[in-house]
Amino acid sequence: MTKPRNIGVLSQLLLTAVISPVLAVFSFPEGGDHERFKRRDPLNSFTYYNGSFDVRDKHYWAATAFTGIHGYAVAGVLLIAGVCFGLYLAFFDKRSHVSSTRCPYLDRYYLPLFLLLLLFVFLSMAASGIVIAANQSSKNRTEEMKETIYKAGEDVDRNIRTVITSLTRIQYLLRPYDQKTTQLLNVTSHRLRKGSLLIQSFVHTNSPTIDLAINISYVTHLMIATTNLFVLLLAFAPILLHWHPGFIMVIFFCWILTTLSWVLTGFDFFLHTFAEDLCSAFSGFVQNPQNNTLSSLSPCMDPLHSDKTLIEVSSMIRNFITELNSKVADSMRSYALTGRSNTASLVPKSGLVCDPFAGQQINSYTPQSCSNGAIPIGEFPNVLSRFTCHDKVPPETCRITGKFVTEAAYLRVYAYSNSAQGMLDILPSLQNLTQCLYVKDTLSSIVSNQCKPFRASMYRLWASMLALSLIMKVMVLLFLAKAFQEKGKSFGWFSIYPTSSGEIRQVNM
């Protein structure tokens with residue numbers, strides 16, 4: 001009864017190792033983050049992880065890595081069993097003089113065992129090739145997503161630095177005339193600079209680490225799969241030549257490779273889980289950027305402050321243009337410029353200076369063409385300069401030549417006009433930054449085009465490693481059985497049955 005019981009225990013362990021990870025991968029909950037992140041945290045006494053997706057939290061990494069426990073556990077069991085088996089061969093097997101009939105039930109299965117062993121060797125070689133292909137695919141998909149994110153980060157950083165440069169110039173122009181607006185723009189520049197530093201820190205600090213992790217994972221999978229192929233090719237020698245020490249060497253190397261394969265199986269399930277979490281976080285950010293775990297990692301401004309800033313800046317520009325048009329109209333009436341230049345009929349009803357917010361909401365600016373006769377705010381100082389009386393010119397000369405605008409007034413209008421034009425030029429970029437449109441568009445593209453193949457590549461890598469690990473485990477057991485079957489017997493090269501006539505008769509029974 002002992003042998004059937006042992007076989008039953010081994011079968012149960014094998015079945016558990018096969019089923020548990022398969023059930024795990026199909027048990028991703030659909031009920032939200034709380035259920036999705038219900039994982040054991042080994043850093044917190046194996047209680048459930050009480051958090052969400054956060055790459056800065058060590059407890060998230062620990063709980064996510066622990067999802068691959070099925071692979072680590074099987075690898076641990078194989079390691080302990082391998083050490084025990086090695087000690088048995090080293091100390092006990094040499095002292096016991098047991099006849100070659102220690103496993104008589106194996107002597108009835110020379111041909112089936114030989115065919116099974118060849119089958120699993122070929123299956124293992126095929127699985128190794130699939131692992132190599134899946135490993136290359138996952139590396140390509142990971143690098144493609146990484147490059148997309150990095151390129152988007154560099155584009156956002158470039159836009160932020162452009163906006164900051166323009167805001168700095170505008171502050172310099174407005175500082176003598178409008179301290180309130182200057183302070184508002186200074187605060188906005190400071191917040192944008194924090195976002196730029198966040199991007200630079202992520203790209204320049206984390207990029208080498210991420211590249212190293214990708215390369216280590218890729219090289220490790222490639223080395224184990226190719227080494228496994230090499231060992232399996234060498235395994236044909238002891239199989240066909242019936243070289244018993246060769247069986248022991250193949251078992252030793254295959255046992256180590258099987259243990260490492262199970263470690264990688266657990267690690268790949270962790271990567272698969274992380275890919276699911278990452279794409280889920282991206283999708284959540286696209287739907288609601290502010291109520292998402294990625295919001296603290298993105299360079300987006302606080303919507304409460306950003307909306308207020310946009311409204312105040314847009315209102316400042318519009319009020320300045322409205323006031324400027326009003327004063328220009330009054331001046332033209334006072335000095336009868338319309339009669340001299342005969343331009344009264346060409347001045348649009350909305351004013352001489354183009355209002356960029358005409359027909360738009362104050363917090364939603366879209367560049368549009370000016371109406372006929374109106375001039376952009378940025379070109380108004382060029383027009384006004386023809387009517388400017390500089391301080392060095394006598395007032396009587398200015399009156400005769402029709403130059404009625406003082407130099408101080410011109411400088412003030414110049415500062416406000418160029419500031420307004422500068423703000424209009426960067427306002428679309430500022431709106432995109434404050435509303436996080438750059439990041440949302442990039443992540444939306446990733447969710448639509450890259451997440452599905454990225455998750456699929458990680459799943460294929462885990463599934464192929466699981467298949468290889470299971471096949472290798474069975475193959476090692478078959479090698480052990482073959483080694484016990486052939487120990488102490490004499491075989492001819494490329495033969496299946498032993499050359500001893502007594503054993504041949506026993507096979508034919």
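**Figure 1. A nonpolar patch on the surface of the predicted model.** L241, W243, M249, F252, F253, I256 and L260 form a nonpolar surface patch with about 660 Å² of accessible area together. Patches are made of residues with over 30% relative accessible area and no salt bridge, nonpolar side chains (Val, Leu, Ile, Met, Phe, Trp, Tyr) being joined within 5 Å and like charges within 9 Å. Accessible areas come from the Shrake-Rupley method with a 1.4 Å probe, and for residues only the protein chains shown count as cover. Helix α7 (residues 244–287) supplies the largest share of the patch, five residues. Helices (H or I, at least four residues) and strands (E, at least two) are DSSP runs, numbered from the N terminus. F253 lies in helix α7 and counts as partly exposed because its relative accessibility is 40%. Buried means under 20% relative accessible area, exposed over 50%, and partly exposed in between (1.4 Å probe, protein chains only).

This is a predicted model, in which local features need pLDDT of at least 70 and side-chain atom pairs count only at pLDDT 80 or more, while totals for chains, interfaces and linings use all residues. Residues are numbered from 1 along each chain as its sequence is written, and side-chain values use heavy atoms, with hydrogens and water left out.

**Figure 2. The whole chain and its confidence.** The protein has 15 helices and four strands, and buried residues make up 42% of its 509 residues. The mean pLDDT (the predictor's confidence in each residue, from 0 to 100) is 78, and 75% of the residues reach 70 or more. Over residues 1–20 the pLDDT is below 50, and this stretch has eight contacts in the model beyond near neighbours in sequence. Contact means heavy atoms within 4.5 Å. Residues 23–32 also have pLDDT under 50. Where pLDDT is low, the predicted coordinates should not be read in detail.

**Figure 3. The largest nonpolar core.** A nonpolar core is a set of buried Ala, Val, Leu, Ile, Met, Phe, Trp, Tyr and Cys residues joined through side-chain atoms within 4.5 Å. The largest one has 43 residues, and those with the most contacts inside it are L117, V121, I239, C254, M475 and F479. Two or more residues each come from α4 (69–92), α5 (110–174), α6 (179–241), α7 and α14 (451–486). Of these, α14 gives the most, with 14 residues. Leaving aside neighbours within four places in sequence, F479 is in contact with L117, V121, A235, I239, F247, V250 and I251. Another core, of 39 residues, lies apart from it and has V163, L324, L384 and Y416 among its members.

**Figure 4. The surroundings of A225.** A225 lies in helix α6 and counts as buried because its relative accessibility is 1%. Not counting residues up to four places away in sequence, A225 touches S128, V131 and I132. The C-alpha atoms of A225 and A127 are separated by 8.7 Å, although these residues are 98 apart along the chain.

Figure 5. K151 and D155 meet in one of them (3.4 Å, N to O), and both lie in helix α5, four residues apart. D155 also forms a salt bridge with R158, the closest N and O atoms being 2.8 Å apart. K151 is exposed, with a relative accessible area of 53%, whereas D155, at 25%, is partly exposed.

Notes: A salt bridge is a side-chain nitrogen of Lys or Arg within 4 Å of a carboxyl oxygen of Asp or Glu.
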